[in-house]
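Subject: Structure for you to look at

Hello,

Here is the structure I promised to send. Please open it next to this email and follow along.

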Amino acid sequence: MTTPAAQSPVQAGRMTQGDIVKALIGMLLAMMTAFLSSTIVSTALPTIITSLHGTQDQYTWVVTATLLASTSSTPIWGKLADLVNKKILVQVAIFIFTLGSIAAGFAQSVDTLIVWRGLQGLGLGGLQALIVIVIAAMVSPRERGKYMGPIAAVMSVATVAGPLLGGFIVDSSLGWRWCFFAGAPLAVIALVVVQRTLNIPTIKREVHIDYAGAILLTSGVSTLLIWITLAGNNFEWLSVTSFVMAGVGVALIAALLVVETKVREPIIPLRMFTDRTTTLATVASIGVGTAMFGGAVFLGQYFQIARGYSPTAAGLLMLPMIIGSMLSSTGTGLLITKFGRWKVFLVVGSIIMTAGFGLLSTIGSDTNIVAVGAYLFLLGTGMGALTQNLVLAVQNSSRANDIGASSSIVSFFRSLGGTIGVSVLGAILSARVANHIADGLAKLGIDASQTAGDGGSVGLSTLNELPEPIVDIVRDAYGDGTGAIFLVSLGMSVLAVICVLCIKEVRLNTKNSVEQQRAEAEATNAADDPPRDTEHEPAVI
């Protein structure tokens, strides 16, 4: 029989420092596995598509399937974390991701690979949402900052390590299938560690699942993301198909908003947006996501095409941004815990990020590579101070029963902004590259239609086959185009600056979410209890 003394930490909803560290290691291991397995495919994808005899459209969908599933499912995972046992949810997310990874490794066609990549994305969406929610259940907002740093560090390391590892596996005798198999043993270890170390009490209450909201959210967001992803490539932005998809997506989201006002436990509690901090942090996350994902995705292309570096070297050249992000996220987290203030770090971080994008908007194909590295370090430093601390600000302002939903909403809108950013900035880059190449060829007296199609289709495969004068034109085009998309990212980062300036700083709570939930439940019960003597005066409810 367990002694009361041994029960008290869990009963009280508070874990010891050692228990928190052990549980955090298991969750970070799971998160590292998930993010590595998601980014590892980027350098391996050309080989995979060739091996499975896929098309360019399928190439895009191998990436898009994971993005769609993770983004659309994040709010659902977050709401479930407010209703049921968080430990079980973490384990389910790890299991789903592992199953998707192993199945993807055995895929015999691109179509089946896309399906299993979608399953991977479902698990990834769970891990993205649940890690910060579980930390909120273990640690108070005042102490939470120092634990947010390792999360950002894991995300940053996986961003660079994934493509490097993918390139190594593809070039080795293992073959591309091990890009999916490699993460399975780590995921199993993470599952065991989480089982042994994560002990969070669940506050029992009546559970109501918002099935209609879940269906409408997933279908509405997926429709809009598919529209944004395909428009401009598979069909014109101003076309019947485009208008129909956009209309259906908007109609589904409108229906979702109606449903969420009527159900008892909505997937997205709209009351959260009456809080200024939550609303502004959400809008800022859209700007951060658009700038961060939209800009960073094209850096590898810039280094390889505009500057002529190998894929491995291109990954290494992004290290300044990763190092800046790791140092900033860890440092600001520790300072927030020490001083109990958080807004100043959001403001400074957003300004530094804006400065980084401003400097990167000046780069071209001949910019000093050391200067580019310095700009990237500045950009990473700003992003590191913003990304996880925006989640902290929202968690600190949320009701205990809404922390899961509010945390996942910030992550959801950041991913949504990133998806939009990749699509829109990609279209801008393609147009700028095509125009620049056409102008350059015209100066040489060459008809652009006689080269590699439109300029936007010129890539690494065709670049090596072109004559030297045309290669220089292509490199200049990508250098100029990359600077242009960073200029657009600069505009989105200004939006983030405005939002964080308007956020009202709320003193950090000293209770974790489990303790807050219990306190709120006790306060509600006390308010609902009638007076003992009701003979002469009825209770007022």
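A word of caution to begin with: this is a predicted model. My notes go from the whole chain down to single residues.

**The whole protein**

The protein has 21 helices and zero strands. There are 541 residues, and buried ones make up 52% of them. The protein exposes about 23100 Å². Carbon and sulfur atoms supply 65% of that area. Now take the contacts with a separation of 6 or more: 83% of them come from residues 24 or more positions apart.

**Salt bridges**

Side chains of opposite charge can pair when their charged atoms come close. How many salt bridges does a search of the whole structure find? It finds two.

One joins Arg341 and Glu505. Their closest N and O atoms are 3.1 Å apart. Arg341 sits in the loop between α15 and α16, and Glu505 in the loop between α20 and α21, so the pair ties together parts that are 164 residues apart in sequence. Glu505 has a relative accessible area of 25%, so it counts as partly exposed.

In the other, the side chains of Asp480 and Arg432 meet, at 3.0 Å from N to O. This pair also links distant parts of the chain. Asp480 is in helix α20 and Arg432 in helix α18 (residues 403–443), 48 residues apart. Asp480 is partly exposed, because its relative accessibility is 30%. Arg432 is partly exposed too, with a relative accessible area of 36%.

Look for the nonpolar patch. It is formed by Leu316, Leu319, Ile323, Leu327 and Phe377. Together they have about 430 Å² of accessible area. Which helix gives the most to this patch? Helix α15 (residues 319–339) does, with three residues. Leu316 belongs to helix α14 (residues 311–317). Its relative accessibility is 45%, so Leu316 counts as partly exposed.

There is also a patch of negative charge on the surface, where Asp366, Glu468, Asp472 and Asp476 gather. Asp472 is found in helix α20, which covers residues 468–502. Asp472 is partly exposed, because its relative accessible area is 37%.

Start with Thr381, in helix α17 (residues 369–397). Is Thr381 buried or exposed? It counts as buried, because its relative accessibility is 18%, and buried means under 20%. Set aside the neighbours within four places in sequence, and Thr381 is in contact with Gly324, Ser325, Ser328 and Ile352.

Then try Ile253, in helix α11 (residues 240–260). Its relative accessible area is 22%, so Ile253 is partly exposed. With the neighbours within four places left out, Ile253 is in contact with Gly220, Val221 and Leu224. Val221 is 32 residues away from Ile253 along the chain, yet their C-alpha atoms are separated by 7.5 Å.

That is the tour. Send me your notes once you have found these places yourself.

Best wishes

How values were computed: Residues numbered from 1 in each chain as written. Predicted model: local features only at pLDDT ≥ 70, side-chain atom pairs only at ≥ 80, totals over all residues. Heavy atoms only, no water. Patch = residues over 30% accessible without salt bridge, like charges linked within 9 Å, V, L, I, M, F, W, Y side chains within 5 Å. Areas by Shrake-Rupley, 256 points an atom, 1.4 Å probe, with all protein chains shown as cover. Salt bridge = Lys/Arg side-chain N within 4 Å of Asp/Glu carboxyl O. Helix = DSSP H or I, 4+ residues; strand = E, 2+ residues; numbered from the N terminus. Buried < 20%, exposed > 50% of the residue type's maximum accessible area, 1.4 Å probe, protein only. Lys, Arg positive; Asp, Glu negative; His and termini not counted. Charge placed at Lys NZ, Arg CZ, Asp CG, Glu CD. Contact = heavy atoms within 4.5 Å.
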